[in-house]
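Work through the exercises below with the structure in view. Each task is followed by a solution in steps.

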Amino acid sequence: MSTTPKRNPASDGLSRRRFVAGTSSILGAAALAGHATSQAHARTAAPTASAPIVDGADVPALVIGSGYGGSVAALRLAEAGVDVHMIEMGKAWDTPGSDGKIFANTTSPDVRSYWLRTKTKQPISNFLGFPLDKNVPRHTGILDAEEFGGIIVYQGRGVGGGSLVNGGMAVTPKRENFGAVLPTVDAGEMYGTYYPRANAGLGVNTIDPDWFETAECYKYARVGRKHAQRSGFGFVFVPDVYDWDYMEKEQAGTVPKSALAGEILYGNNYGKKSLQQTYLARAKATGRVTISPLHRVTSVTPAAGGGYTVTIDQIDTEGTTTATKSVTADKVFFAAGSVGTSKLLVKLKATGALSRLNGEIGKGWGDNGNVMCGRANHMWDATGKLQSSIPTAGIDNWAAGGAFAEVAPLPTGIETYASFYLSITKNPHRAEFTWNAAAQRAELNWQTAWKQPSIDAAKTIFDKINAKEGTIYRTDLFGTYKIWGDHLTYHPLGGAVLGKATDNYGRLQGYSGLYVIDGALIPGNTSVNPFVTITALAERNIEKIIATDL
């Protein structure tokens, strides 16, 4: 890790205004930085049902959501001989648009980009004094920027959930940190069995370190390494679910560009192994799993004859309900993500549909300590015009300062001389979802002021680097003269915490046959990007459920 590559500072003659206009969308991309194959020249179609679920259907297992936890549950149940129907609020993402690609390019947000918004809500909202957001048609697009009172929560919408829009950083927490992540779970079984199983199932791999040393598209990461190490911080490569053989071919110019075209925020057309290519593909291959996209669960209640009556709205691509269906399920798995699962459960408890749910429902929600910042480097520290949108390294100061910082890209297509970071921090604050009966919606009581511990933790890294390098923070990325991106999270966790709202395997207290199997189980922080932990915990829990409850 100590090798310092040669650098070639560059300049660019583009005007300030032309630069802003040409990069008004791609700046948001860097912020979502969350069975190997070398022939990913075309996007594998997302697995979908041959027909939507019908009114009156009776299914053995209903899974609400198709993200990490739901995909694990569907696959393992199907392998155990159980027929599974998955309900997904978003689209299937299996049909190319007018440009011949399934997903929109990050530089040009369009009808595919945002979930039921008429204006983009990019993580980086400004550049050099100019606002970056633009109008888009209202549509059931891939990225939801859900606004609560004190925070914006970014979530993937579609078959594959968050795997569609994250940077694919597949990080297993250090074992010494695990006790603070899931205190009721045996670390030995997680690190001996379930983390390896999750990593294998997700297709996790690592960048070739020799290629990294010379790759033009990772110059920005090598600059980040140099600055970290000169300030005494540990710098680590981070595993990912991107196809690194494909990445190398992208740079060689022998395959269509994907990460090197800045694709991340609104989906990745070629190189990333999202759930459609891993767990969901295997689930579909069993012949026992079907999926209903553009369907939304609104109620779950005990059925008179046993099992549960589930009410489902079918929606069109403008979000309008076109049909309401009632089905019966023997078992129901809540896997709509931390926010989706928590919102639904607090509604069901408050309205009496599932009145026996305990008082822990909605509690223990956290943002994984997410906070962003940028640094303005010197002219001799060029970070590169070509930047891969897939992060592959980070700065580890967790033990001393409570922060792990991804060295993230700013894939603008021209030289910026800027370093950008997404930090995961030890933030102790936890929020709660409650039901507002008058407004008929779930609300979250997060306060933006609660981000201060995250800022303080991140400063233990970046104040020191700035002092060592003689550099300053960028103040033009998140508003006018605003250093910290403290208004958002990409890693929502909690709301139905394991061992509190559920038993130690995700069974909801008060009801037999109801389970939580997603990030809602994890109390607010994983110390790293969370999706490998969500996947591994789901593997652990579903194994127990299949062995004892079926």
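**Exercise 1: the cores**

Find the largest nonpolar core and the residues with the most contacts inside it.

Solution. The largest nonpolar core has 90 residues, and Val300 and Phe334 have the most contacts inside it. A nonpolar core here is a set of buried Ala, Val, Leu, Ile, Met, Phe, Trp, Tyr and Cys residues joined through side-chain atoms within 4.5 Å. Buried means under 20% relative accessible area, exposed over 50%, and partly exposed in between, with a 1.4 Å probe and protein chains only. Next, look at helix H12 (residues 531–549): it gives this core its largest share, eight residues. Last, a second, separate core has 36 residues, among them Ala215, Phe235, Cys373 and Ala457.

The model is predicted: local features need pLDDT of at least 70, side-chain atom pairs count only at pLDDT 80 or more, and totals for chains, interfaces and linings use all residues. Residues are numbered from 1 along each chain as its sequence is written, and side-chain values use heavy atoms, leaving out hydrogens and water.

**Exercise 2: around Phe334**

List the residues that Phe334 touches, not counting residues up to four places away in sequence.

Solution. Contact means heavy atoms within 4.5 Å. With that cut-off, Phe334 touches Ile64, Val300, Thr341, Leu344, Leu345, Leu348, Leu508, Leu514, Tyr515, Val516, Ile517 and Asp518.

**Exercise 3: two loop residues**

Decide whether Thr416 is buried or exposed, and place Pro239 in the chain.

Solution. Helices (H or I, at least four residues) and strands (E, at least two) are DSSP runs numbered from the N terminus.

1. Thr416 sits in the loop between strand E14 (403–408) and strand E15 (418–425). Its relative accessibility is 13%, so Thr416 counts as buried.
2. Pro239 lies in the loop between strand E7 (234–237) and helix H7 (244–252). Pro239 counts as partly exposed because its relative accessibility is 23%.
3. Leaving aside residues up to four places away in sequence, Pro239 touches Gly168, Met169, Ala170, Val204, Asn205 and Thr206.
4. Between the C-alpha atoms of Pro239 and Val72, 167 residues apart along the chain, the separation is 20 Å.

**Exercise 4: the whole chain**

Solution. The C-alpha trace spans about 70 × 50 × 45 Å along its principal axes. Buried residues make up 61% of the 550 residues. The chain has twelve helices and 20 strands.
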